[in-house]
Amino acid sequence: MRPVRLMKVFVTRRIPAEGRVALARAADCEVEQWDSDEPIPAKELERGVAGAHGLLCLLSDHVDKRILDAAGANLKVISTMSVGIDHLALDEIKKRCLIRSGIRVGYTPDVLTDTTAELAVSLLLTTCRRLPEAIEEVKNGGWTSWKPLWLCGYGLTQSTVGIIGLGRIGQAIARRLKPFGVQRFLYTGRQPRPEEAAEFQAEFVSTPELAAQSDFIVVACSLTPATEGLCNKDFFQKMKETAVFINISRGDVVNQDDLYQALASGKIAAAGLDVTSPEPLPTNHPLLTLKNCVILPHIGSATHRTRNTMSLLAANNLLAGLRGEPMPSELKL
C-alpha cells in the first residue's frame with residue numbers, strides 16, 4: 001500500500017483554539033505554524049510558504065508576488081482570517097489562475113459583522129461623549145465640582161448619521177444606532193441600495209452631501225482604489241464644526257495628515273479610529289497628541305467568540321479548498 005502524501009499547510013500566526021483543532025485533526029495535512037502572536041518576519045514567511053499547498057494568513061500578512069513566487073506551483077489555497085482582502089495581491093493570484101489550475105481564496109465575512117458594529121457604536125459613544133478625557137480628569141484630580149459646561153459632548157438624539165458603505169457592517173451599525181433616537185440616516189457608496197436602506201429610511205447622497213449634512217460620520221466601506229484617501233482635506237472642510245468622525249474600515253481610506261489638521265484647528269469636533277495607517281501607529285504620531293482623537297488598536301472583531309469563529313472558518317476554508325470541495329466562504333476571483 002502506497003503511503004498517503006500529506007499536503008503541506010503553513011499558518012502565519014498562532015490562531016485561536018477552534019481553528020488549531022480543526023487543522024490538527026486533518027489527517028491529510030502536515031501543518032507548520034509560526035508559533036507567535038507577533039507578525040511573522042518576511043524572510044520566515046518566504047521560508048515557511050515554500051512548497052506549501054495551503055496558506056492560512058492574517059490581514060497583517062502581505063501576500064504579494066514575492067510570497068507567491070516563494071510558495072511555488074504547489075500552492076492551491078490561500079485562506080485569510082479576515083473579511084478584508086487588501087493585503088492579498090489579487091492581480092498576481094489571478095495571473096496564476098490563468099497559467100495553471102489556479103489558487104482559491106477563502107475569507108471570513110459575516111461572522112465578525114455584529115462584533116465590529118458593536119465596537120463602532122462603542123467608539124462613537126466614547127468619542128462624542130469624551131469618555132477618555134473624563135476618565136483622565138478623575139485620575140489626575142481635575143474633577144473638582146459639577147460645572148454646567150465641563151466635558152460636554154454631543155448626543156445622538158435627533159441627529160443625522162452618515163454612513164460611508166452600507167454593506168453588512170454599515171447596516172449593522174445603523175441598526176444599533178437607530179434606537180438612540182437618530183432622526184435621519186444618510187449613506188453613500190458605489191450605488192444606491194434601496195432594499196437595504198429601507199429598514200432605516202436611509203437616503204442615498206453624494207459623498208460631499210454626506211460630509212456637509214451629517215452630525216456623525218461612520219466609515220464602513222472596503223478599501224479600494226476608489227475609496228483610498230476618500231476622507232481628505234476637501235471632505236473635512238465640508239463637515240460641520242460640531243461633527244464627529246469615526247473610521248472602522250481601513251486606515252488608508254483617510255488622509256491622516258488632513259484629519260490631524262481638521263481636528264487641531266477645530267474644523268471638526270472629534271474623531272475615533274479603530275484603524276490607522278500604518279498599523280501600529282507610531283507612538284510619536286501627531287494624532288496621539290490630540291484630546292479630541294480616540295485611537296484603538298484595530299480591535300473591531302476582538303471578542304473571544306468571534307475570533308474563535310473566524311479561526312474555524314479560515315481553517316475550514318483552507319481544508320475544503322485543498323480537498324477540492326466547496327469552501328464555506330470563497331472569494332470569487
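**Nonpolar cores, cysteines and a buried threonine**

In the largest nonpolar core, which has 51 residues, the members that touch the most other members are Leu-23, Leu-124, Val-161, Ile-173, Leu-177, Phe-185 and Ile-248; a nonpolar core is a set of buried Ala, Val, Leu, Ile, Met, Phe, Trp, Tyr and Cys residues joined through side-chain atoms within 4.5 Å, where buried means under 20% relative accessible area, exposed over 50% and partly exposed in between (1.4 Å probe, protein chains only). A second, separate core of 25 residues includes Ala-211, Cys-221, Cys-231 and Cys-293. The model is predicted, so that local features need pLDDT of at least 70 and side-chain atom pairs count only at pLDDT 80 or more, whereas totals for chains, interfaces and linings use all residues. Residues are numbered from 1 along each chain as its sequence is written, and side-chain values use heavy atoms, with hydrogens and water left out.

When neighbours within four places in sequence are set aside, the contacts (heavy atoms within 4.5 Å) of Val-161 include Leu-156, Leu-177, Val-182, Phe-185 and Phe-216.

With a disulfide taken as a pair of cysteine sulfur atoms within 2.5 Å, the count is zero. Cys-293 is buried at a relative accessible area of 10%, and its sulfur is 13 Å from the closest cysteine sulfur, that of Cys-231, which is too far for a bond. Cys-57 is also buried, at 0% relative accessibility.

Thr-227, in the loop between β9 (216-219) and α10 (233-238), is buried, with a relative accessible area of 13%. The side chain of Thr-227 reaches the backbone oxygen of Ser-222 at 2.8 Å, and beyond its neighbours within four places in sequence Thr-227 is in contact with Cys-221, Ser-222, Asp-252 and Val-253.

How values were computed. Helices (H or I, at least four residues) and strands (E, at least two) are DSSP runs, numbered from the N terminus. A polar contact is a pair of N or O atoms within 3.5 Å; within protein, one must be able to donate a hydrogen and the other to accept it, and residues adjacent in sequence count only if both atoms are side-chain atoms.
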